[in-house]
Amino acid sequence: MSAIQRARRERERAGEPAVPRPRAVIWHDLECGSYTADLPLWRELAGAASTASVLDVGAGTGRVTLDLAARGHRVTALDLDPELLAALRGRAARAAGASVQTLCADARAFALARDFTLCLIPMQTIQLLGGAAGRLEFLARARKHLAPGGLLACAIATDIEPFDCAAGDLGPSPEIARVDGAIYLSRATRVQVARDSVRIERERSVIAASERSAASSTPPVHERDVVELDRVGVSQLQREGRRAGLSAVGVRAIAATEEHTGSVAVMFGA
Ligand SMILES: C[S@@+](CC[C@H](N)C(=O)[O-])C[C@H]1O[C@@H](n2cnc3c(N)ncnc32)[C@H](O)[C@@H]1O
């Protein structure tokens, strides 16, 4: 049996589809998938309604969507990236009883024919929307899609510590996964904090796990990934929410972990 056939067998045994995961999905799972510090808060907010109707904005491969759907909530997962949503759909289909719909759309310009009791934008995704103008567009969209009494919760990172591994700082340990006979490794190497933005640099490597692995025919890949987060504080976001017709109803802290910075969930009512 070839290495590719063996890898396919392993995936089938694990309930994964026989199609290899796209690289975008592998990186997303590696860099976001293990984060759990925010889940208790989203579960608590969704649990306030016995069966919540949840809109998960910037859902990626479904870290939050699948967790809430497994608890009986109806979740619509919205993301710009069709590959990530395809992976999410596959996982939802294999999770018995999960009620999940997906929408490939921009968070600043979506329109759905239904309202939600809870709208979440986890993991600083609101800091990826192109500054104040983009955030305002999203906030107005979210307000239009909240049911009376509904809640919007936006996770923002306000106290990000800069570091630079090239200057001798340690930085967080790398995240590592073995997929399809290759080792995927991602390490945050530099965080630069400027007046309006935070630049996060990661080094990503793909290395064949062994001479006989499925990936051994392709050379090692090393690439740099850069993400720029807009800086926004709690009171600024609350002001923007009010401009979009929302009322600020409080904040909740999400604790830092060894690998992830702490954040604040800023909450709004319809
Ligand atoms: C940091 S990831 C968070 C993923 C997921 N919510 C989680 O917590 O694991 C940000 C996600 O937002 C999506 N995204 C970025 N800009 C977007 C936009 N303008 N509209 C919709 N989704 C967007 C990305 O494709 C990515 O999946």
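A disulfide is a pair of cysteine sulfur atoms within 2.5 Å. In general terms, such a link is a covalent bond between the sulfur atoms of two cysteines. The model examined here is a predicted one, and by this criterion the structure holds 0 disulfides. The sulfur of Cys154 has its closest cysteine sulfur in Cys119, at 7.3 Å, and this separation is too far for a bond.

The surroundings of the ligand were considered next. The ligand is surrounded by 18 residues, and the closest are Gly58, Arg63, Asp79, Asp106 and Ala107. Two elements of secondary structure, helix H2 (23–32) and strand E2 (74–79), each provide at least two residues of the shell. In Ala107, a polar backbone atom lies 2.8 Å from a nitrogen atom of the ligand. In Asp106, it is the side chain that takes part, with an N or O atom 3.2 Å from a ligand nitrogen. In Leu80, a backbone N or O atom is found 3.3 Å from a nitrogen atom of the ligand. Taken alone, the ligand exposes 590 Å², of which the protein buries 88%.

Arg63, one of the closest residues to the ligand, also belongs to helix H4, which spans residues 63–70. This helix is mostly covered, since 6 of its 8 residues are buried. The buried positions are Arg63, Val64, Thr65, Asp67, Leu68 and Ala69. As background, an α-helix has 3.6 residues a turn, so residues three or four places apart point the same way. Just after H4, the backbone at Gly72 adopts a positive phi of about 95°.

Strand E2, a contributor to the ligand shell, includes Val75. With a relative accessible area of 2%, Val75 is buried. The C-alpha atoms of Val75 and Thr102 are 8.4 Å apart in space, while the two residues are 27 residues apart in sequence. Leu41 lies in helix H3 (residues 39–47) and is buried, at a relative accessible area of 8%. Between Leu41 and Ile254 there are 213 residues of separation in sequence and 7.9 Å in space, C-alpha to C-alpha.

Contacts between side chains were also examined. The count of aromatic pairs comes to 1. The ring centres of Trp27 and Tyr184 are 5.3 Å apart and the ring planes stand at 70°, so the pair is edge-to-face. The cut-off that decides this assignment is an angle over 60 degrees. Because Trp27 lies in helix H2 and Tyr184 in strand E8 (residues 182–193), the pair ties together parts that are 157 residues apart in sequence. Both Trp27 and Tyr184 are buried. Strand E8 also contains Ser186, which is buried at 1% relative accessibility. The side chains of Ser186 and Glu31 are joined by a polar contact of 2.7 Å.

Finally, the loop between strand E4 (116–121) and helix H6 (131–144) was inspected for its backbone angles. Most residues other than glycine have a negative phi. Met123, which is located in this loop, has a positive phi near 50° and is not a glycine. Gln124 is also found in the loop between E4 and H6, and its phi is positive as well, at about 65°, although Gln124 is not a glycine. Gln124 is counted as buried, because its relative accessibility is 13%, and the limit for that class is under 20%.

Technical notes: Residues numbered from 1 in each chain as written. Predicted model: local features only at pLDDT ≥ 70, side-chain atom pairs only at ≥ 80, totals over all residues. Heavy atoms only, no water. Buried < 20%, exposed > 50% of the residue type's maximum accessible area, 1.4 Å probe, protein only. Helix = DSSP H or I, 4+ residues; strand = E, 2+ residues; numbered from the N terminus. Near = heavy atom within 4 Å. Polar contact = N/O pair within 3.5 Å; in protein donor to acceptor, adjacent residues only side chain to side chain. Areas by Shrake-Rupley, 256 points an atom, 1.4 Å probe, with all protein chains shown as cover. Phe/Tyr/Trp six-rings, centres within 6.5 Å; stacked < 30°, edge-to-face > 60°.
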